[in-house]
Amino acid sequence: MAEEKQPYGLIAQFETPADTLHAAEEVRDAGYSQWDVCSPFPIHGLDKAMGLKNSGVGWFAFIGGVVGFTLGMLMIWYMNAYDYGIIVGGKPMFSPFGAFPPSYELTILLSSFGALFGMLFLNRLPRLHHPLLKNRRFAQATHDKFFVVIECEDPKYSETETRRLLESVGSTHVELVEE
Amino acid sequence: MAEATSNLKVSAPPAELEREPLVANQRGPGYISDAIAGVNERKTPKWWWSAFIPSVLLMLTCFAMVIYLMSTGVGVWGVNHPVMWGWAIINFVWWIGIGHAGTLISAILYLLGQRWRTSINRAAEAMTIFAVMCAGLFPVIHIGRIWLGWWLLPLPNNNAFWPQFRSPLMWDVFAVSTYFTVSVLFWYVGLIPDLAVMRDRAKTKLRRFWYGLFSLGWTGSQRHWNHYEKAYLILAGLSTPLVLSVHSIVSLDFSVSQLPGWHTTIFPPYFVAGAIYSGFGMVLTLIIPVRKLYNLQEIVTMRHIDLLCKVTLATGSIVAYAYVMEYFIAWYSGNPYERFIFFNRIFGEHYWWGGWLMILCNVVTPQLFWSKRVRQNLVVVFIISILVNIGMWFERFVIVVGSLYREFIPSNWGHYMPTWVDALTYLGTFGLFLTFFLLFLRFIPIIAMSEVKGGTPQADPHHPLGGAKVEGKH
C-alpha cells in the first residue's frame, strides 16, 4: 500500500519580517506564480511585495447589504401593508420610516455574513487538511517564524534552481514538503 | 529638488512626546504567544475553580428563578400597575449597555487606528457577547407568557397576522439579535489566526482536533491575510454603525412613548454615551484582576489602564452633560409634567436617593480620573469602575420607575417594590455572565495574539527590531 509521496513544494524559513519582505520581492521578480508567504501576523507592505491585488471581499459585503435592506423593506411592506394590513392611528399602511430601523439592521447583518463568507470563499476555507500543516517546522509559522512557500505546481519550479534562489535570498532553512 | 529633500535631517521627537510601548520590555512575537497561549495550556489555577463553582451555582439560581416565573406567573415579580416595566427592563438596558464597550474597542478604535486596543479587544468582545446574552434573557422572560415569545419573530401568529413593525419593540428584536450575531462573527473572525496558534502548539490529540477544527485550516498565508484583513476592516466598519444603532433603538423604546422623562430627543446619543461609559467600567472591572492573575502586565500595561480610564472620563462627562441638558430642557420647556418628573427624580417620594446615587456615581466619581495619580492606582480604578456600573444601573432605575410611578394623573400614582425573585434573577445573570467569561478565560486565547504581535516593532519590516538593515530600508 506504499503510495508514492508526491512533493508539495519547498518551504524556506526566515527570521525577521524584513528578510521575508526582501525574499518575497525576489521571488516575485523571479516570475513565480504559485507561491505564498506564511507569517504569524500580516506584514505591512508584503501584499505589494508579493504583487497581490486589492481583496474582493468588499463586493460580497456590498451585495449582502443591498439584499438585506431590500429584504427588510419588502418583508415589512408585505407583512404590514399587503398580506394583513391593520390600520394603526389612521396612518398609512406602509411607511419607510418605521420600516427603516429593522431594514438597517438587516443590511448590517447580511453584509457581515457577506464579509465573513466572502472571505472564507476567496480563501477556500475551511479546509480540514493541508500538506503544510503536517510539517513540524511549519508549526512555527503561527509562532514567530516566517516561511516562503513555493509549490511544485509552479511552471518555473525546479527543485535545485528554486532551492538555490531561496538560499540566496537569506533563508535559514529550506525544506521539501510532501503532499 | 529630490536631492534637496533627501538631505533634510529630521531630528527625533522630544522625549516627552515618545509614547510608552504597547508591549513592555520589547517582548517579541515568541514571548507573546508563550505568555498568552500559556494561560490556556497551564494547569487550571485554584482561583479559577473557586470563582467558577459559585458562578455556576449563581447561574443555576437564575434558571431556577426563570422556571419559577414561568410556572407561576409575573406576579412573582414586583411589577404592578402603574409600574409595569420593572427590573427586567432595567437589567436588559444595563446589560446591553455594558456590551457596547466591547464593540467600541474592537470596531471604532480599530477604524481610528488606535493600536492599544489589540491587547484588550478579545476580552472586551467576549464581555460584549456574554453581556448581550444576559440582556437578551430579560425581554424574553418579561413578556409574561414566555411560550408566546415567538410572536416577536416575523412569523404569522395563530390569527394569521404579523408583528407590527411600527413598534420600537420590534426594532429592538432586530437590533439586539443582529448585534449578538455580528458580535459573535466579528469575535470569531478575530479568533481564527489565534486558534491556529493553539492548534500548532497543542500537545494532546483532543486539543489539536478542536482547535484545528475551529481554526478552519488557517496557515497564515499572506494571500489569506489579504482577504482576512479586508473582511476584518469591513466587519469593523459595519459594527460601528451597528453599535450606535443598538442603544439608540433601545432608547427609542422609551422616547417613542409619551411619558414625561422618556419622550425626549436627547435619548439616543445620551443612551449610547451611557452604554459606552458603563461598558468601559466593566472592562476595567474585569481586566484589572485578569492581568494580575495571569501575569500579563507586560501585554496589558499601565498605559492601557490609563487610556481606558480616559475613555471612561470622556464618556462619563458626556453623560453628565446629558443630565444637565435633560434638567435644563425640562425647565425650559415650561411643561409642568416634565418639570415635575425631573424635580421628583431627586426630591420626590420613595426614590429620591436613586437619583442622587446616579448623579454621584456617573457625574462626580468619574471626574476623579482627571488625576494621573488616580488613574495609576489600580485599587482606586477598580473601585471607581464598579461605582460606574452601580451608577448606570440606578440611571436606568430612575428612568424606568421614576417616570412610571408618577405619571400624569395623581390617581394613577403608585409604588414599586422588587421581590426576592427580581433580585435573585438579576444576581443570577452575574452567574451566567461569569460562567461564560471564566470558560472563555480557560479555553480561548484571551488576548488577540496575532494582532498584538503585528503591533510590535519586531513585526515592522522597516524597524531595526524587525530586521531592517539600514534605517527605513530592508
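Visitor: What makes β1 (residues 7-14) and β4 of chain A partner strands?
Guide: Two strands pair if DSSP finds at least two bridges between them, and here 6 bridges join β1(A) to β4(A), running antiparallel. One of the spots to look at is P7(A), whose bridge partner in β4(A) is E178(A). Keep in mind that this is a predicted model, where local features need pLDDT of at least 70 and side-chain atom pairs pLDDT 80 or more, while totals for chains, interfaces and linings use all residues. Residues are numbered from 1 along each chain as written, chains are lettered from A and ligands numbered from 1 in written order, and side-chain values use heavy atoms, without hydrogens and water.

Visitor: Why are β2 (35-38) and β4 (173-178) of chain A said to stand at the edges?
Guide: The 4 strands form an open sheet in the order β2-β3-β1-β4, with antiparallel pairing. β2(A) and β4(A) each have a single partner strand, so one side of each is left without a neighbour in the sheet. Neighbouring strands are turned by 20 degrees against each other on average, direction ignored (axes are lines fitted to C-alpha atoms, for helices over the stretch in contact, and angles run from 0 to 180 degrees between N-to-C directions).

Visitor: On to chain B, then. How many helices and strands does chain B have?
Guide: Chain B comes to 16 helices and 0 strands, counted as DSSP runs numbered from the N terminus (helices are H or I, at least four residues; strands are E, at least two).

Visitor: Is E326(B) called buried or exposed, and what is its relative accessible area?
Guide: Buried means under 20% relative accessible area, exposed over 50%, partly exposed in between (1.4 Å probe, protein chains only). E326(B) has 4%, so it is buried. It sits in helix α10 (residues 302-332) of chain B. Its contacts (heavy atoms within 4.5 Å), leaving aside neighbours within four places in sequence, include G261(B), F267(B) and R345(B). Across chain B, buried residues make up 58% of the 474.

Visitor: What puts W150(B) in its accessibility class?
Guide: Its relative accessible area is 34%, so W150(B) is partly exposed. W150(B) lies in the loop between α5 (121-142) and α6 (168-201) of chain B. Beyond its neighbours within four places in sequence, W150(B) is in contact with L155(B), P156(B), N157(B) and N158(B).

Visitor: Which value makes Q26(B) stand out?
Guide: Q26(B) has a positive phi of about 50 degrees although it is not a glycine. Most residues other than glycine have a negative phi, and most peptide bonds are trans. Q26(B) is in the loop between α1 (2-6) and α2 (29-41) of chain B, and at 57% relative accessibility it counts as exposed. N295(B) also has a positive phi, near 55 degrees, and counts as exposed at 59%.

Visitor: And which kind of peptide bond joins H81(B) and P82(B)?
Guide: A cis one, with omega about 5 degrees. P82(B) is in the loop between α3 (46-72) and α4 (87-111) of chain B. In chain A, a cis bond joins L125(A) and P126(A), with omega about -5 degrees.
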